[in-house]
Amino acid sequence: MGKRVAIIGVGMSKFGELWDKSLAEISLEAGMYAIFDAQVKGKDIDGLIIGNMSAGRFTGQEHLGAQAVDWGGLGDLPAYSVEAACASGGAAVRQAYMAIQSGEHEVMLVLGTEKMSDVNQSMAMDTISVASDWEWEGMFGATFPALYAFMARRHMMEYGTTEEQLSMVTVKNHKNAAHNPWAQFQKPVPLEIVMNSGLLADPIRVLHSSPISDGAAGLVMCSAERAKEFSDTPVYIESSKQASDTLALHDRADICTMSAVVSSSRNALKEAGLAIKDIDVFELHDSFTISEIILTEDIGIVKKGEGGKAVEEGLTEIDGKFPVNASGGLKARGHPIGATGVAQIVELALQLRGDAEKRQVDGVEKAMSVNIGGTGATSIVHVLGR
Amino acid sequence: MSEKGVAQFWRKIKAIYTIQGDHCTTCDTYYFPPRVVCPKCRRKGQLEKYTFKGLGEIHTFAIVRQAPDTFKRQIPYIVAQVELDEGARLTAQIVNCDIEDVHIGMRVRSCFRRITQYGESGIIVYGYKFEPTMRVTGHE
């Protein structure tokens, strides 16, 4: 084990359809807020990492690391771009964690960003599907929602999960997002509206799916020994783990389980010396509501097959035993793909600091994020503590 | 994704026209889509080309109602994971079947169809779709 790593600043752009802002502008905004929050100066930072899935396809721009340094006036700072589909943000956080642990970098700016609204819906759907095995799934007409519908239908058959339960995840996450000033949807939505929303790919409806979003999130991370130089409220990364699975969903024996999530979450808890019951708040990757249900099972909050019942019984509400997605999650906070993994950590840092205002969970000591790429081919888990 | 160029489809013609994958003689596992290395045996694996019989059953499915432009004229359509009798699973459209009738466990057989077309003058991609088996053809 190398050095302990701290998060000393967090920042977000608004999430939503930000027609008047470019990719570079929203990244800059999130980075500047994180820097101000950390009370570091530009000269204190010795490296930048930016997580992004597909700016090349969504906006026509790649080489985002250099662009972020340039726009931020950060001179000749080394900058790295990281891609792991929907887990690009989590990958950026983990790369910074490893760079600081190793001693190569001391204070890093970590960004996650995506600008999805500059292309039309057809192009956006095309681009999202490159997170799956495009040549053997997308090319044959399996849209990204269809792949999650594959999981949902199987989960319904094997475990009796209902459409109502899929919809209750939406209701919960929208209710939470009503108190999140950065969220794309800050409005509660009644169950019957969710249940009657348009079908994307049966049984998945529009309101079971995260939206197309623009947004960026930022962190300033440094070694724990230097954290107090800058911040009175640092939070710490207790563990960071990552695992992979087959790229294509059809290559998995059991499509109701994301085995990369099972192993990475177990390993993260083990390294942190914690059990699942020790975690006070969770950010789980609900790109579709079925994935929140599957993840609550795979990380061990409930047994396999009981994820639907968990949401129905209120276990994952803000005042429940295992609060999941107090931020509103991907469903309601929005899912600017590369920003999501960083935004999860922003939320958990705020929860640990007691700064989450009306969505604050009581007495948060430990927190966990699960950020997945594609249909679970990448899973990145972080455990944070005060 | 939009059209990538002829070679991307041309190099897969055997696989997507005839459902040709691989069989590892070391571990006796059938692979589709084709593999270069047996992921179970790695360097000890022995892959041989294998043409699947094209029979199987539906493992799971979705009815696609919103799709990118390349599939828009086909909606609503059924897309499924088909578990082939040899053991591999693939993703394909189900045709000649009403969307009310499709179900998990349904027996299907492969058929040769147009998959999609990239614009007015773009590449037309042909390959496998699946349809319910019929008694008259002896496929049950």
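Guide: Let's begin with a turn in chain B. This is a predicted model. In it, β5(B) and β6(B) make a hairpin with 4 residues between them, and B:Gly87 in that turn has a positive phi of about 120°.

Visitor: How many bridges join β5(B) to β6(B), and which way do they run?
Guide: There are 6 bridges between β5(B) and β6(B), residues 89-94, and the strands run antiparallel.

Visitor: What does β5(B) pair with over 8 bridges?
Guide: That is β4 of chain B, residues 55-64, and the pairing is again in the antiparallel sense. B:Gly56 stands opposite B:Leu84 of β5(B) there.

Visitor: Why is β5(B) described as largely enclosed?
Guide: Because 7 of the 8 residues of β5(B), residues 77-84, are buried, the strand is largely enclosed by the rest of the structure. Buried here means 20 or more other C-beta atoms within 10 Å of a residue's own.

Visitor: Back to β4(B). Which strand of chain A is joined to it?
Guide: β5(A) is, through 2 bridges, and the two strands run antiparallel. A:Asp202 stands opposite B:Ile63 in β4(B).

Visitor: And the contact between the chains as a whole, how many residues?
Guide: On the chain A side there are 25 residues, in contact with 24 of chain B. α5 (121-128), α6 (144-159) and β5 (199-202) of chain A each supply at least two residues to the chain A side. The largest share, 6 residues, comes from α6(A).

Visitor: What classes of residue are on that chain A side?
Guide: The side of chain A that touches chain B has 14 nonpolar, 6 polar and 5 charged residues.

Visitor: Different topic. What is the strand order in the open sheet of 3 strands in chain B?
Guide: The order is β2-β1-β3, with antiparallel pairing. β2 (29-31) and β3 (47-51) of chain B are the edge strands, each pairing on one side only. From one strand to the next the twist averages 35°.

Visitor: How many bridges join β1 to β2 there?
Guide: β1 of chain B, residues 20-24, is joined to β2(B) by 3 bridges. B:Cys24 has B:Thr29 as its bridge partner in β2(B).

Visitor: Now chain A. What are its domains?
Guide: The domain assignment gives domain 1 as 5-120 + 213-235 and domain 2 as 125-211 + 236-385. Their C-alpha centres lie 22 Å apart.

Visitor: How many residues are in contact between those two domains?
Guide: 43 residues of domain 1 of chain A are in contact with 38 of domain 2 of chain A. On the domain 1 side, the elements giving two or more residues include β1 (5-12), β4 (107-115) and β7 (214-223) of chain A. The largest share of that side, 8 residues, is from α4(A). By class, that side divides into 25 nonpolar, 13 polar and 5 charged residues.

Visitor: What about the largest nonpolar core, which residues have the most contacts inside it?
Guide: That core has 168 residues, and those with the most contacts inside it are A:Met108, A:Val110, A:Leu219, A:Val220, A:Met221 and A:Val342. Helix α14 of chain A, residues 337-353, gives the most to this core, with 10 residues. The core draws at least three residues from each of domain 1 and domain 2 of chain A.

Visitor: Pick A:Leu219. What does A:Leu219 touch?
Guide: Leaving out residues up to four places away in sequence, A:Leu219 touches A:Ile7, A:Gly9, A:Val10, A:Ala34, A:Val93, A:Val110, A:Val342, A:Ile345 and A:Val346.

How values were computed
Residues are numbered from 1 along each chain as its sequence is written. Chains are lettered from A and ligands numbered from 1 in the order in which they are written. This is a predicted model: local features need pLDDT of at least 70, side-chain atom pairs count only at pLDDT 80 or more; totals for chains, interfaces and linings use all residues. Two strands pair if DSSP finds at least two bridges between them. Axes are lines fitted to C-alpha atoms, for helices over the stretch in contact, and angles run from 0 to 180 degrees between N-to-C directions. Domain bounds come from an automatic or database domain assignment. Two residues are in contact if their C-beta atoms, placed from the backbone, lie within 7 Å. Ala, Val, Leu, Ile, Met, Phe, Trp, Tyr, Cys and Pro count as nonpolar, Asp, Glu, Lys and Arg as charged, and the others, Gly among them, as polar. A residue is buried if 20 or more other C-beta atoms lie within 10 Å of its own, exposed if 12 or fewer, and partly exposed in between; C-beta atoms are placed from the backbone. A nonpolar core is a set of buried Ala, Val, Leu, Ile, Met, Phe, Trp, Tyr and Cys residues joined through C-beta atoms within 7 Å.
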